[in-house]
Amino acid sequence: MSASAALATKVAATTDFDAIVIGAGMSGMYQLIRLRELGMKARVFEAGTGVGGTWYWNRYPGCRFDSESYSYGFSFDQDLLAEWSWTEHFAPQPETERYLNRVADKYDLRRDIQFSARVKAAHWNDAAGHWAVTLEDGSRHTARFLITAIGALSAPTMPTIPGMASFKGPAFHTGLWPKQPVDFAGKRVAVIGTGASGVQTIQEVAKTAAQLTVFQRTPNWCAPLHNAKIPAEEMAEIRTRYAEIFQRCQETASCFLHTAHPQNTFDVSAEERNAFLEKLYTERGFGIWVGNYQDMLTNREANAVISEFVANKIRSRVKDQKVAELLIPKNHGFGTRRVPLETKYYECYNQPNVTLVDSKATPITEITPTGLKTSAAEYEFDIIVYATGFDALRGAFDRIDFRGKDGVALKDKWQNGATSLVGMLQDGFPNMFMLLGPHTALGNIPRSIEFNVDWVTGLLRHMQAHGQQVAEAKPEATAKWMEHVMDCAAGLLSMEVDSWMTGVNSNVAGKQTRIVARYTGTAPVYRSWCDELAAQGYNDLVLA
Ligand code: N01
């Protein structure tokens, strides 16, 4: 018997599993594949009834990628890359869910996943050296390792408007959308919220609703997606370039295909600058956000130039100039919040069946049995859609009672903001590894997921090889990493703006103050920290 198999057997004798993974989205699925390769007995607990995570829960109308499809799929399986055809440059949700189910079929993942199993608590038992995980059904399961794969934008938040339970018609949150399609044809529909989810929903619902009323509290800077079908021949050509595509994603700051322009905004003439911005506005995807002049998100004057450019585009696309002005953000510059990508979003407001309500000027005061009231008017609706976002980043952690050494609650430890070592480890919480935890590089998410999973797998392999059973971040290493996280955020204009990226959610108590909630360095720098940690024999961890 190999050393690793012997260790796996020994651990299995004292715990139910070698590893428990929470969540069967892309992180949990890929981690399960890697745990099996290590010879570990693993169990994934998933609250939903199917795999896919984000792509399981977010099935609202119009939901689709904002990353190019071929840069988004798993890169580790060459056969799957050769077999799978993306039908659009930005695939719609049903296609992505199908893709992830294909991965689950291929690797027979479901035999190790318990569905409809929401984790309520996870407590570290120092004496036994294991995690005890309690599900909502009261069952309890133990494992040496606990791996959280619970997502960065997976805890939906509803507003706290009086009367919400009284509404008689159907009401949905975009992130908890029902499996049965919702028919909007001929209906009077309200959409509350105009983030990336709201924008995708609005442009779809506007096609069939009798009347669509959009309640916008803060406008966002949106830019054209320029989606298109991928014909078979083009997909065949894309397949030949996968190595190049994934290599490119490794090199860019946020793992997208786009990379910042090497020049600053005012290094070039106004004509050259305008031509470049026009070009970005006609190109696919996030280029206008992450492929713009390199100082766009740090230099206020540079940011004002691009903001005015996009404001003029909005003015030219929306016929009623009063509506156009309402749609142009006035309290933050372009790109300082997540840029929703759109397809004829602004043109929706030229349709006679679509109305925009400024819910900053006239806030929603009550949800009534038949609709809602604002400070200025009363409205009747058949359907209300809450596109009100998520308790992002640490929100999914706050919803589980994680307790580390000496019964310390993670929620208490993170009272003043989450801490971590490279986003994946937390001192005081041995053998807990966080995939997409606070302060991991996010960006084009699957690229970050694959890196995180491979890094955790590398650590587990190292522990197997050295007969080590417990890993914990050293507090001084955490402090050093957090110093780097804080340094990265200095000078970013996005730090001056309320959004989930700065840890602000008006619907969650205690989350009204801006913090450095996420890692804002580049993905290559993030990976170099992680690689260095491993190369030094994980000296920044206590391995026992
Ligand atoms: O959430 P959001 P989201 N009364 O927080 C409003 C990813 N994503 O689900 O800005 C009235 O951005 C709120 O108003 P305000 C992506 O990373 C990816 O849209 O707080 N309004 C805001 O307009 C994205 O950034 C994809 O003033 C209220 C909206 O609701 C992240 O998920 C697609 C309110 C929430 O916007 C989150 O996007 C979709 C209240 N009480 C999402 N509470 C793709 O990749 C909130 N709002 C394709």
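Contact here means heavy atoms within 4.5 Å, and helices are DSSP runs (H or I, at least four residues) numbered from the N terminus. The model is predicted, so local features need pLDDT of at least 70 and side-chain atom pairs count only at pLDDT 80 or more, whereas totals for chains, interfaces and linings use all residues. Residues are numbered from 1 along each chain as its sequence is written, and side-chain values use heavy atoms, with hydrogens and water left out.

Buried residues (under 20% relative accessible area, 1.4 Å probe, protein chains only) in H6 include Tyr-99, Leu-100, Val-103 and Ala-104, along with Glu-95 and Glu-97. Their cover includes helix H2 (26-37), helix H3 (54-57) and helix H5 (78-83). After H6 comes Asp-108, with a positive phi near 50°.

A cavity is a set of points on a 1 Å grid over the protein atoms alone where a 1.4 Å probe fits but cannot get out, and lining residues have an atom within 4 Å of a point. Volume is the space filled by probe spheres set on the points, which are joined across faces, edges and corners. The second largest cavity contains about 50 Å³. Helix H17 (445-465) and helix H19 (523-535) each give two or more residues to its lining, and H17 supplies the largest share, four residues.

Note on methods:
1 Å grid on protein atoms, 1.4 Å probe; cavity = no way out; pocket = protein on both sides within 12 Å on 5 of 7 lines; lining within 4 Å. Buried < 20%, exposed > 50% of the residue type's maximum accessible area, 1.4 Å probe, protein only.
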